[in-house]
Amino acid sequence: MKYKPWLYVALTSIFELLWVYGFNVADKAWHWALVLILILIDFYYLSKACLYLPTGTVYAIFAAAGTVGTALMDIFIFNHSFSAAKGFFIGVIVVGVILLNLSDNAGMKKIEIEGEGS
């Protein structure tokens, strides 16, 4: 399946946001147990994604999804303020991850082309 690695990246990003949300709302032992389970599932999908994609790209997306998702969670769920500076820097993170992914893809194509000639 061509998109399987990206499915793992999406799942690790979603589970990351779930356990981060759990950090904000957990107040009982079973809540924290659930948060621990979410972290373990999250890291499982993170490791699966790293098997198929460059680790730097996977981690950049994982960290960016966590940062942007947490910032948006603060605004929309926990009613924190939104500012132009916050929006600008969220945009910088998103653009940075996209550019990192494009540069990794360009590097992988170059390796594939060099491998075909030998």
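Trainee: If contact means heavy atoms within 4.5 Å, which residues does Thr 12 touch, not counting residues up to four places away in sequence?

Mentor: Thr 12 touches Asp 42, Tyr 45, Leu 46 and Phe 62 once those neighbours are set aside. Keep in mind that this is a predicted model, in which local features need pLDDT of at least 70 and side-chain atom pairs count only at pLDDT 80 or more, while totals for chains, interfaces and linings use all residues. Residues are numbered from 1 along each chain as its sequence is written, and side-chain values use heavy atoms, with hydrogens and water left out.

Trainee: OK, and where is Thr 12, and is it buried or exposed?

Mentor: Thr 12 is in helix α1, where a helix is a DSSP run of H or I with at least four residues, numbered from the N terminus. Thr 12 counts as buried because its relative accessibility is 0% (buried is under 20% relative accessible area, exposed over 50%, and partly exposed in between, with a 1.4 Å probe and protein chains only).

Trainee: What joins the side chains of Thr 12 and Asp 42?

Mentor: A polar contact of 2.5 Å joins them (a pair of N or O atoms within 3.5 Å, where within protein one must be able to donate a hydrogen and the other to accept it, and residues adjacent in sequence count only if both atoms are side-chain atoms). The C-alpha atoms of Thr 12 and Tyr 45 are separated by 5.2 Å, although these residues are 33 apart along the chain.

Trainee: What do the buried residues of α1 pack against?

Mentor: They pack against α2 and α3, and among them are Pro 5, Tyr 8, Val 9, Glu 16 and Trp 19.

Trainee: New topic: how many residues make up the largest nonpolar core?

Mentor: There are 11 in all, including Tyr 8, Val 9, Leu 46, Leu 53 and Phe 62 (such a core is a set of buried Ala, Val, Leu, Ile, Met, Phe, Trp, Tyr and Cys residues joined through side-chain atoms within 4.5 Å). Two or more of its residues come from each of α1 (4–25), α2 (29–52) and α3 (55–76), and α3 gives the most, with five residues. Another core lies apart from this one and has seven residues, among them Ala 26, Val 35, Leu 38 and Ile 39.

Trainee: And Thr 57, is it buried or exposed?

Mentor: Thr 57 is buried, with a relative accessible area of 2%, and its place is in helix α3. Leaving aside neighbours within four places in sequence, Thr 57 is in contact with Trp 6, Leu 100, Asn 101 and Asp 104.

Trainee: How many aromatic pairs does a search of the whole structure find?

Mentor: The search finds nine (rings of Phe, Tyr and Trp, the last by its six-membered ring, pair if their centres lie within 6.5 Å, and planes under 30 degrees apart count as stacked, over 60 as edge-to-face and the rest as tilted). One of them is the stacked pair of Tyr 8 and Tyr 52, at 6.1 Å centre to centre with 20° between the planes.

Trainee: Which parts does that pair tie together?

Mentor: Tyr 8 lies in helix α1 and Tyr 52 in helix α2, so the pair ties together parts that are 44 residues apart in sequence. Tyr 8 counts as buried at 10% relative accessibility, whereas Tyr 52 is partly exposed at 41%.

How values were computed
Contact = heavy atoms within 4.5 Å.
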